[in-house]
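Reader: I am new to this structure. Please walk me through it, one feature at a time.

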Amino acid sequence: MGYRVAVVGATGNVGREMLNILAERQFPADEVVALASRRSLGSEVSYGDKTLTTKDLDAFDFTGWDIALFAIGSDATKIYAPKAAKAGCIVIDNSSLYRYDADVPLVVPEVNPEAVEMVHKNNIIANPNCSTAQMVVALKPLHDRARIKRVVVSTYQSVSGAGKEGIDELWDQTKSIYNPTDDKPAKKFTKQIAFNVIPHIDVFMDSGDTKEEWKMVAETKKIMDPSIKVTATCVRVPVFVGHSEAINIEFEEFLDEDEARDILREAPGLMVIDKRQDGGYVTPIECVGDFATFISRIRQDTTVENGINLWCVSDNLRKGAALNAVQIAETLGQRVLKKG
Ligand SMILES: NC(=O)c1ccc[n+]([C@@H]2O[C@H](COP(=O)([O-])OP(=O)(O)OC[C@H]3O[C@@H](n4cnc5c(N)ncnc54)[C@H](OP(=O)(O)O)[C@@H]3O)[C@@H](O)[C@H]2O)c1
């Protein structure tokens with residue numbers, strides 16, 4: 001017997017990818033239901049070679065459903081996730097609402113799969129922020145070998161990280177550059193995103209960091225190790241899908257760049273493409289639609305005692321959201337529900 005799975009936010013970027021990935025990975029689902037707001041009632045979404053008709057989340061009863069993959073933003077999640085959890089359905093949530101709750105596991109299956117076993121406290125598991133998810137997959141095997149002390153990361157985040165409105169704004173503004181009579185001022189982003197970069201994602205905090213930067217710090221500590229120091233600068237770039245990160249890592253022990261490359265080659269979820277020649281590295285366009293997080297430009301940082309630099313690229317709608325959520329469901333099946 002398989003699972004009954006609800007995809008909540010099925011008409012959104014992440015929800016559609018969740019349906020694709022459930023089908024691609026042949027998740028053992030007996031039944032899948034697509035849910036969204038009343039606005040989308042009756043609209044059709046693809047699940048493998050099937051077409052699902054979207055139902056109204058507000059009218060849905062989660063009783064008898066095993067797993068709900070949520071991708072609807074924090075405000076709506078606050079209303080509907082407790083209803084699902086109370087009905088006995090395990091919620092795997094993509095919003096930031098529950099990530100910092102000590103009683104809710106925050107899980108990246110390549111890094112801390114055992115944390116799913118805490119699910120019974122609330123029937124809720126949180127999925128990390130997209131930039132954190134790909135970074136910790138890269139950091140974990142290196143931490144196991146040489147103990148990470150400090151990470152300095154700069155991100156280059158695509159507009160799909162800001163949902164459908166983000167994608168539309170880059171598309172419309174890019175077209176309007178060539179047709180100045182059709183001006184498209186910034187709405188979703190704080191400045192023009194077409195042909196520009198914006199060093200500001202999410203709200204500003206008292207420290208001067210943005211919330212996105214704070215999330216990378218807090219989530220890395222919760223998922224991996226509270227002793228790791230992280231400082232981040234998060235930047236929105238005019239790329240549709242695929243987040244990139246330049247990561248500088250300082251270790252307690254010396255780690256040679258060749259050994260780091262070998263460790264990363266063997267690690268789950270990673271693909272190393274690292275040739276020191278023209279094009280011998282991965283760019284965001286090449287990672288779209290892939291499961292792997294790609295690592296390139298691995299090299300010694302000789303300006304600190306034990307330093308390594310690397311370049312990390314991943315499909316933010318996949319490892320940063322939908323893929324990680326489906327992997328959590330798979331881990332939950334193997335470790336807790338044991339049904340499939
Ligand atoms: N994009 C990423 O890289 C990424 C990464 C990690 C986490 N996330 C998180 O994933 C969530 C969704 O992101 P997204 O990029 O998929 O956004 P999106 O493309 O804008 O889609 C939003 C989805 O939420 C649904 N929704 C919104 N309000 C609702 C309500 N009140 N009731 C029911 N459904 C509602 C929408 O349904 P309608 O179509 O009916 O409006 C739509 O299906 C957000 O929490 C986001 O922070 C995104």
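Author: Start with the elements. Helices (H or I, at least four residues) and strands (E, at least two) are DSSP runs, numbered from the N terminus. Arg-99, for one, sits in the loop between strand 7 (90-93) and strand 8 (124-126).

Reader: What kind of model is this, and how are residues numbered?

Author: This is a predicted model: local features need pLDDT of at least 70, side-chain atom pairs count only at pLDDT 80 or more, and totals for chains, interfaces and linings use all residues. Residues are numbered from 1 along each chain as its sequence is written, and side-chain values use heavy atoms, with hydrogens and water left out.

Reader: Is Arg-99 buried or exposed?

Author: Take the general idea before the case. Buried means under 20% relative accessible area, exposed over 50%, and partly exposed in between (1.4 Å probe, protein chains only). Arg-99 has a relative accessible area of 5%, so Arg-99 is buried.

Reader: Which backbone oxygens lie by a polar atom of the side chain of Arg-99?

Author: Here the term is polar contact. A polar contact is a pair of N or O atoms within 3.5 Å; within protein, one must be able to donate a hydrogen and the other to accept it, and residues adjacent in sequence count only if both atoms are side-chain atoms. The backbone oxygen of Asn-94 is 3.0 Å from a polar side-chain atom of Arg-99. For the backbone oxygen of Ser-95, the distance to a polar atom of that side chain is 3.3 Å.

Reader: Now the ligand. How many residues surround the ligand?

Author: A residue is near a molecule or strand if one of its heavy atoms lies within 4 Å of it. Here 26 residues surround the ligand, and the closest are Thr-11, Val-14, Ser-37, Arg-39 and Ser-40.

Reader: Which side chains have polar atoms by an oxygen atom of the ligand?

Author: Ser-37 has a polar side-chain atom 2.6 Å from a ligand oxygen. For Arg-39, the distance from a polar side-chain atom to a ligand oxygen is 2.8 Å. Lys-164 also takes part: an N or O atom in its side chain is 3.1 Å from an oxygen atom of the ligand.

Reader: How much of the ligand's accessible area does the protein cover?

Author: Accessible areas come from the Shrake-Rupley method with a 1.4 Å probe; for residues, only the protein chains shown count as cover. On its own, the ligand has 900 Å² of accessible area, and the protein covers 81% of that.

Reader: Which elements give two or more residues to the shell around the ligand?

Author: They are helix 1 (13-24), helix 4 (163-177) and helix 8 (318-337).

Reader: How do I read a salt bridge?

Author: Look for a side-chain nitrogen of Lys or Arg within 4 Å of a carboxyl oxygen of Asp or Glu. The whole structure holds 23 salt bridges. One of them joins Asp-225 to Arg-147, with the closest N and O atoms 3.1 Å apart. This pair links distant parts of the chain, 78 residues apart. Asp-225 is in the loop between helix 5 (211-223) and strand 10 (229-236), and Arg-147 is in the loop between helix 3 (130-146) and strand 9 (148-157). Asp-225 is buried, at 11% relative accessible area, while Arg-147 is partly exposed, at 33%.

Reader: What do Glu-165 and Lys-188 tie together?

Author: Their side chains meet in a salt bridge, 3.5 Å from N to O. Glu-165 lies in helix 4 and Lys-188 in the loop between helix 4 and helix 5, so the pair ties together parts that are 23 residues apart in sequence. Glu-165 is exposed, at 52% relative accessibility. Lys-188 is partly exposed, at 40%.

Reader: How many residues apart are Glu-212 and Lys-215 in helix 5?

Author: Glu-212 and Lys-215 are 3 residues apart in helix 5, so about one helical turn separates them. They form a salt bridge, with the closest N and O atoms 3.9 Å apart. Both Glu-212 and Lys-215 are buried.

Reader: Which residues are linked in a network of salt bridges?

Author: Glu-17, Glu-24 and Arg-318 are.

Reader: Last, backbone angles. Which residues have a positive phi without being glycine?

Author: Asn-123 has a phi of about 65 degrees. Asn-123 lies in the loop between strand 7 and strand 8 and is buried, at 16% relative accessibility. Arg-297 has a positive phi near 55 degrees. Arg-297 lies in strand 13 (residues 293-301) and is partly exposed, at 40% relative accessible area.
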